[in-house]
Amino acid sequence: MSYVRTLTATPVPRVDAVPFTTAAFREAPDVDGSPGTWTTLETIDLDTGPGVSPAGLDTDPNSPQERTFTTALATLDPAWYQVVFTDDLGGTDQSTPRYASTAGPDGDQFATASDLAARLGVTLTAGEQDRADALLISATGAVQTAAGQQISRVADDTLTVRGTREPTILLPERPVESVASVTVDGTAVTDWWVQNDELVRPCGFGHDGIEVTIVYTHGFDPVPEFVKALVLEMVVGVWVNPSNLVSERVGQVQVAYGVQSPPAGLTVSRETRRDLRRLLGRGSLSLPIR
């Protein structure tokens with residue numbers, strides 16, 4: 001399966017008057033919140049395109065223009081993306097890596113089109129509602145991936161893992177609401193309990209040559225308000241600034257959209273990812289079950 005990815009980037013100003021001529025659109029897997037090994041998807045000619053807007057070499061390399069790059073060759077979801085500019089003399093400049101995810105694992109949507117309309121103070125047309133729902137689903141997926149959690153409540157989820165002689169099995173999704181059943185090598189067992197996010201059985205869970213099946217309910221219902229707010233703000237940023245501009249001027253009026261860094265669309269910053277994992281990851285909330 002392939003994905004369409006769009007990235008906005010501006011190369012470093014050049015005082016030597018040498019323009020960058022190509023841009024390599026690169027992709028890397030997400031490894032614990034950071035880019036893994038980079039792979040070049042395609043190399044784009046800045047002068048003629050396609051895949052870049054606007055096309056054309058910078059007439060003043062000391063004041064390079066911002067460009068939007070698009071590729072349909074992405075293969076990972078989620079993943080990290082960046083553009084590497086190269087000039088004819090071999091000089092290079094790398095854009096800041098950006099994180100991208102298409103949708104939640106089950107099409108979850110942590111905020112509605114009505115929520116977005118209320119946040120923007122507008123009335124959405126039917127077509128705008130469809131677009132809002134699609135963006136909200138994508139933003140929800142990005143937040144779920146960044147948190148490393150489903151977040152929303154899932155009833156009777158089935159987890160199958162290898163057996164272990166250790167007395168505990170860590171349940172990956174949290175918070176754990178309840179455990180319905182535990183089966184070790186096809187046999188139901190009841191001499192277990194849940195402590196924090198771990199399933200505890202003093203005699204262990206067989207050995208690694210067998211399977212252990214756990215049916216449990218986990219997640220939040222409703223999702224935390226700060227998660228809903230994050231999803232909304234991600235979509236608001238795309239909605240009011242679809243071109244990912246830092247600022248724009250009409251006559252004598254200039255509007256600034258972001259002063260810290262260029263907007264990144266439906267992406268989650270590294271700082272926000274850390275906050276999500278701190279607030280929603282293991283150790284932030286545990287429900288003891290007996």
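Predicted model: local features only at pLDDT ≥ 70, side-chain atom pairs only at ≥ 80, totals over all residues.
Which residue takes a positive phi in the hairpin of β7 and β8? Residues are numbered from 1 along each chain as its sequence is written, and side-chain values use heavy atoms, with hydrogens and water left out.

**View 1. The hairpin of β7 and β8.** Gly 90 takes a positive phi near 95° in this hairpin, which has 4 residues between the strands. Strands are DSSP runs of E with at least two residues, and helices are runs of H or I with at least four residues, numbered from the N terminus. Strand β8 (residues 92-94) pairs with β7 in the antiparallel sense over 3 bridges; two strands pair if DSSP finds at least two bridges between them. Thr 86 stands opposite Thr 92 of β8.

**View 2. Strand β7 and its other partners.** Strand β7 (residues 79-87) is largely enclosed by the rest of the structure, because 8 of its 9 residues are buried (under 20% relative accessible area with a 1.4 Å probe, protein chains only; exposed is over 50%, and partly exposed lies in between). Strand β2 (residues 20-31) runs antiparallel to β7 and is joined to it by 9 bridges, with Arg 26 having Gln 82 of β7 as its bridge partner. Strand β9 (residues 98-100) also pairs with β7 in the antiparallel sense, over 3 bridges; here Arg 98 of β9 is the bridge partner of Tyr 81.

View 3. Asp 108 lies in the loop between β9 and α1 (113-120). Asp 108 is buried but has no salt bridge, and the nearest side chain of opposite charge, Arg 153, is 12 Å away. A salt bridge requires a side-chain nitrogen of Lys or Arg within 4 Å of a carboxyl oxygen of Asp or Glu; Lys and Arg count as positive and Asp and Glu as negative, while His and the chain ends are not counted. The side chain of Asp 108 makes a polar contact of 2.8 Å with the side chain of Gln 144, and another polar contact of 2.8 Å joins it to the side chain of Ser 152. A polar contact is a pair of N or O atoms within 3.5 Å; within protein, one must be able to donate a hydrogen and the other to accept it, and residues adjacent in sequence count only if both atoms are side-chain atoms.
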